[in-house]
Amino acid sequence: MSESAGHAEGSLAALYETVRLLTDPGQLSAGQAVLVAASALLVGAVLWSCCGRQNKVKLRAEFTPGKVYFHAAPPVKAIPCLTPFGMKLETYLRMADIPYEPMYGRSRGPKGKIPWIEYNGEAKGDSGLIIEFLNREKGVDLNQSLSEADKAVSRAFTKMVEENTYWGLVRNRWIDNFDQLQELFEVPWFVMFLLRSVRGKVKQTLWAHGIGRHDKDDLEGIIEKDLKAISRFLGAKPYLMGDEPTEVDAAVFGQLSEICWANSDTYLHRIVTVDCPNLQAYCNRIKDRYWLDWDQLTKKSKKDQ
Amino acid sequence: MSEFLGNAQGALAALYETLQASALLPVFTDPAQLSPGQAVLVAVSVLFVGTVLRNLWGGQRTNKVKLRAEFTPAINHPLIFFLGKVYYHAPPPVKAIPCLTPFGMKLETYLRMADIPYEPMYDWSIGPKGKIPWIEYNGEAMGDSGLIIEFLNREKGVDLNQSLSDADKAVSRAFTKMGEENTYWGGARYRWIDNFDTVHEVLEVSWIVKILGLLRPVRSTIRENMWAHGIGRHSRDEIEGIVEKDIKAVSTFLGAKPYLMGDEPTEADAAAFGQLSEVCFAFPGSYMERLVTVDCPNLQAYVNRMKNRYWPDWDELTSKTVPIS
């Protein structure tokens, strides 16, 4: 017992020595100070990656029960919402006639992403899960005219455009055409430094997803095939699944609207406007039907204030 | 030239001086002199610097693959036409399934559907994009099952989709992407995160690997990848709900048809079979297996149909397995 007590005392003494170094920075030499700073950063990074994942959202103090508070980035000159999932969700709300209050800001949702909504005092993230929730809550079914097989095809196209094509837009916007970002986001020049660090994170994300491992040509080939598939499936139909818009149109319009209006002078823009003119016509059709206030929203952006 | 050398020498001397003055040099040259506290700080900061460097450059480099010294090349000459040989790299078969990655099952099924002869190089080597499976062809390494299939279609003059209309080809692509970019992650989550204990049995790794926790880095990488992808931000129930809807969509679309797009198999069937075969045979007792075998019996029948047609040597392959040690 005394031996282990002696060991314990010895280890405590060593620990105290270490702690002493940390508590009296004045005694540190330059080299030691560098070492302390580096290890503090490392410990902080480890803690953050373990615990800092779930996003703590700040909710409204008062809310109207049953009202949808829609959180997204504010409109810019190019487009009412810079994230395709925001365009999708807001288009869905308009298609489903669900009244909502836009809460334009930079806050992130409970899953660390945007857009997100507040409903009955609860925060909800992920446009797909939000749509399923609101369908149940508000008794909405935009797909009711579709056969079961068509609903399946509808889901397949939604997933392709959101889990594959989307990353082509991300890569183009954040990596290949990063210089255009400042103008698109309408931010002052010094914010670009912050955006550069985001760019590094985006590269890592693309790599982790898998699609970032392709070189530029391979990736552009993949995305081109996606867009042409949508164009060929759409054909001469007014909407993806037929004569009337359904849920998948919100998703596809979400992605294509970004390409049409917020991604100029790119191969994506060329494919949607020149190579596949039915896609451009499709985007205009949905914009004219559900976004009558497009000009009003985009003119009110900071650029003109 | 001598001026340059003189300058270089001067710069090195200055660097040495700085290191000496900053008391950092003793840290590197005579570790025995360090106190325990200093040793801890040095170790931690080396780890930190190493992690930063790795994140900046190491994690995203294209993989240097080791190619065969000799290979059977493709010769395209007006008088001689020799089909190049496909060397197919994937993990070796296990008792449960010929290939543990759905993209391997997909690629190998495609090779069999297209009647492209290939030589299996069963190993755990990683391809040029840091993933498996991969192939060697004409002395070049190629990665990504989708790009490989497109390449071989062009090279070998294959078109498994020739009977499909343009609209059907589009639908075919959509289902392929849904299965590979969405449903796939449900399987990864189940195998590597929620049921990590059984992964050692499925992979047939020896107890040493399990005790030493050598697969834990793979698990962390998958968790990171899923977070980056986005799907990893959902709760377990939410992910299972998403995967269930995907699988039911495939079942609904298949209906009573023998193959996804009609009476004959097409490219999408290689992809769908790739994902569903894993679920049927290498995810025992999972909610995914229940979906494919119980809730959607037409999917089970479809998987068996593909297996019987293109994998008559399944039993032979899976009984010859050698545990990983």
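Trainee: Is A:Y119 buried or exposed?

Mentor: A:Y119 is buried, at 5% relative accessible area. Buried means under 20%, exposed over 50%, and partly exposed in between (1.4 Å probe, protein chains only). Bear in mind that this is a predicted model: local features need pLDDT of at least 70, side-chain atom pairs count only at pLDDT 80 or more, and totals for chains, interfaces and linings use all residues. Residues are numbered from 1 along each chain as its sequence is written, chains are lettered from A and ligands numbered from 1 in the order written, and side-chain values use heavy atoms, leaving out hydrogens and water.

Trainee: How many aromatic pairs are there over all chains?

Mentor: The whole structure has 22. Rings of Phe, Tyr and Trp (its six-membered ring) pair if their centres lie within 6.5 Å; planes under 30 degrees apart are stacked, over 60 edge-to-face, the rest tilted. Take A:Y119 and A:F133: centres 5.4 Å apart, planes at 80 degrees, so edge-to-face.

Trainee: Which parts of chain A does that pair tie together?

Mentor: A:Y119 is in strand 3 (residues 116–119) and A:F133 in helix 4 (residues 127–138), so the pair links parts 14 residues apart in sequence. Helices (H or I, at least four residues) and strands (E, at least two) are DSSP runs, numbered from the N terminus. A:F133 is buried too, at 16%.

Trainee: And what about A:W189 and A:F193?

Mentor: Their ring centres are 6.4 Å apart with planes at 75 degrees, so that pair is edge-to-face. A:W189 is exposed at 59%, and A:F193 is exposed at 58%.

Trainee: Switching to the interface. How much area is buried between chain B and chain A?

Mentor: About 4600 Å², with carbon and sulfur atoms giving 66%. Buried area is the accessible area (1.4 Å probe) that two parts lose on being put together, summed over both. The contact (heavy atoms within 4.5 Å) takes 50 residues from chain B and 46 from chain A.

Trainee: How many salt bridges between them?

Mentor: Six. The rule is a side-chain nitrogen of Lys or Arg within 4 Å of a carboxyl oxygen of Asp or Glu. B:D246 forms one with A:R155, the closest N and O atoms being 2.7 Å apart.

Trainee: Which helix of chain B gives the most to the side touching chain A?

Mentor: Helix 6, with twelve residues.
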